[in-house]
Amino acid sequence: MRARVDVELERQNRDLLKSMDQRAKFQLRLQQTVERLSIAAISYYVISLIGYTLKGAKAIGSPLDPAFGMAASVPLVVGVLWYALRRLKATH
């Protein structure tokens, strides 16, 4: 009788651990998705600010085209944000 109870408890524990493992994997995927979306949203905001700055500079006589400046800043902004997120995750 005791052996059956022990076997049943071990089975329940195994099933519980398996469920917890699946949940942890799902949470990790969700966290990675949120991080990527955050990079995209912050990049969009920063590039918009750069665009407003360049449009203001164009209004006072700058020869730089605001659309070109915004397009050129995209890889830089995304790269810096991605690197900053990686550094932040590494320190925590």
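This is a guided tour of one predicted protein model, to be followed selection by selection in a viewer.

The model is predicted, so local features are described only at a pLDDT of at least 70 and side-chain atom pairs only at pLDDT 80 or more, while totals for chains, interfaces and linings use all residues. Residues are numbered from 1 along each chain as its sequence is written, and side-chain values use heavy atoms, with hydrogens and water left out.

**The whole chain**

Begin by displaying the entire protein as a cartoon. The protein has two helices and zero strands; helices (H or I, at least four residues) and strands (E, at least two) are DSSP runs, numbered from the N terminus. The radius of gyration is 25 Å, well over the 12 Å that the globule rule gives for 92 residues, so the protein is more spread out than a compact globule. That radius is taken over C-alpha atoms, and the globule rule is 2.2 Å times the number of residues to the power 0.38. Along its principal axes, the C-alpha trace spans about 90 × 20 × 15 Å.

Of the 92 residues, 12% count as buried. Here, buried means under 20% relative accessible area, exposed means over 50%, and partly exposed lies in between (1.4 Å probe, protein chains only).

Select residues 2-59, which make up helix 1, and find valine 5 within it. Valine 5 counts as partly exposed because its relative accessibility is 37%.

**Salt bridges**

How many salt bridges does a search of the whole structure find? The search finds six, where a salt bridge is a side-chain nitrogen of Lys or Arg within 4 Å of a carboxyl oxygen of Asp or Glu.

Select arginine 2 and aspartate 6, whose side chains meet in a salt bridge (3.8 Å, N to O). These two residues are separated by about one helical turn, because they are four residues apart in helix 1. Arginine 2 is exposed, at 61% relative accessible area, whereas aspartate 6 is partly exposed, at 30%.

Move to arginine 14 and aspartate 15, where another salt bridge joins the side chains (3.3 Å, N to O). Arginine 14 is exposed, with a relative accessible area of 53%, and aspartate 15 is partly exposed at 32% relative accessibility.

Then select aspartate 21 and lysine 25. Their salt bridge has its closest N and O atoms 3.6 Å apart. Both residues lie in helix 1, four residues apart, about one turn of the helix. Lysine 25 is exposed at 52% relative accessible area, and aspartate 21 is partly exposed at 41%. Now display Glu8, Arg11, Arg14 and Asp15 together: salt bridges that share partners join them into one network.

**Glutamate 35**

Continue along helix 1 to glutamate 35. Is glutamate 35 buried or exposed? Glutamate 35 counts as buried because its relative accessibility is 13%. Leaving aside neighbours within four places in sequence, glutamate 35 is in contact (heavy atoms within 4.5 Å) with Leu85, Arg86 and Lys89. With lysine 89, its side chain makes a side-chain polar contact of 3.2 Å. A polar contact is a pair of N or O atoms within 3.5 Å; within protein, one must be able to donate a hydrogen and the other to accept it, and residues adjacent in sequence count only if both atoms are side-chain atoms.

**The loop and helix 2**

Select leucine 64, in the loop between helix 1 and helix 2 (66-91). At 36% relative accessibility, leucine 64 counts as partly exposed. Not counting residues up to four places away in sequence, leucine 64 touches Leu54 and Lys58. The C-alpha atoms of leucine 64 and leucine 54, ten residues apart along the chain, are separated by 7.6 Å.

Finish at serine 73, which lies in helix 2. Serine 73 counts as buried, at 8% relative accessibility. Apart from neighbours within four places in sequence, serine 73 is in contact with Ile47 and Ile50.
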